[in-house]
Amino acid sequence: MRDASGCPVPTEQQPINEYLQLKESWFFSWATRNWWGYLRPMVVIWCLSWLVTGPIAAASFPLGKYPLQFALSGSGGACLFLALVVLKLYLGWEYVLDRLARPTVFYEESGWYDGCSWTKTPEILQRDQLIVTYQIQPIRRRLRLTLGGILLVLLAGGIGWYFL
């Protein structure tokens, strides 16, 4: 089944449509928001992660006896949860970036057993590369910056732990 551009790739497997679906999805759209709209769910996830990491930290380091160890271990565990969420965001956007940036599109016509590939026309390739450059690469930079920030916080916590 071909669309108006002559593309034989099923609509739901076309990279532009995968990009639009990702951009409009509840979870992956977080990365497209302004900084406050992006950081707010991250802070909420970090705080909610304390529901899991807090009791574990309290079992290992009672708050009354070891307040700093409790805070560092609970915060570190919550940062690990947050890092997994950001990694999931990163991998989703990286997948779509890869599909848009490639000159050929791999797709399945009716199932996993009959894969085909289609070479993009110059116009479609140029459109996709513009989306990669101006839409997805800033998102990828933001997610890398966030992962780097989480890593720095974990590293600082580890250094702080060393001096306790």
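Start by selecting Asp-98 and Arg-102: the two form a salt bridge, with their closest N and O atoms 3.0 Å apart. The term salt bridge here stands for a side-chain nitrogen of Lys or Arg within 4 Å of a carboxyl oxygen of Asp or Glu. Asp-98 counts as partly exposed because its relative accessibility is 33%, and Arg-102 is partly exposed too, at 45%. On this scale, buried is under 20% relative accessible area, exposed is over 50%, and partly exposed lies in between (1.4 Å probe, protein chains only).

A word on what is on your screen: this is a predicted model, in which local features need pLDDT of at least 70 and side-chain atom pairs count only at pLDDT 80 or more, while totals for chains, interfaces and linings use all residues. Residues are numbered from 1 along each chain as its sequence is written, and side-chain values use heavy atoms, with hydrogens and water left out.

Next, select Arg-99 and Glu-18. They form a salt bridge as well, the closest N and O atoms being 2.9 Å apart. The pair links distant parts of the chain, with Arg-99 in helix α3 (residues 67-101) and Glu-18 in helix α1 (residues 15-24), 81 residues apart. Helices (H or I, at least four residues) and strands (E, at least two) are DSSP runs, numbered from the N terminus. Both Arg-99 and Glu-18 are buried.

Now go to Lys-120, in the loop between β2 (115-119) and α4 (122-162). Is Lys-120 buried or exposed? Lys-120 counts as buried, because its relative accessibility is 6%. Leaving aside residues up to four places away in sequence, Lys-120 touches residues including Pro-15, Arg-99, Leu-100 and Asp-128, where contact means heavy atoms within 4.5 Å.

Within it, the side chains of Arg-127 and Asp-128 meet at 3.0 Å, N to O. Arg-127 is partly exposed, with a relative accessible area of 34%, whereas Asp-128 is buried at 1%. The salt bridge count comes to five.

Move on to helix α2 (residues 35-60), whose 26 residues reach 36 Å from first C-alpha to last, close to the 38 Å expected. That expected span is 1.5 Å times one less than the number of residues. Where does α2 bend? Look at Val-52, where the bend is about 45° and Pro-55 follows within four residues; the bend is the angle between axes fitted to the seven residues ending there and the seven starting there. Among the buried residues of α2 are Tyr-38, Met-42 and Ile-45, and their cover includes α3 and α4.

Finish with the rings: there are 10 aromatic pairs in the whole structure. Trp-50 and Phe-70 make a tilted pair, 5.7 Å centre to centre with 55° between the planes. Ring centres of Phe, Tyr and Trp (its six-membered ring) must lie within 6.5 Å; planes under 30 degrees apart count as stacked, over 60 as edge-to-face and the rest as tilted. Trp-50 lies in α2 and Phe-70 in α3, so the pair ties together parts 20 residues apart in sequence.
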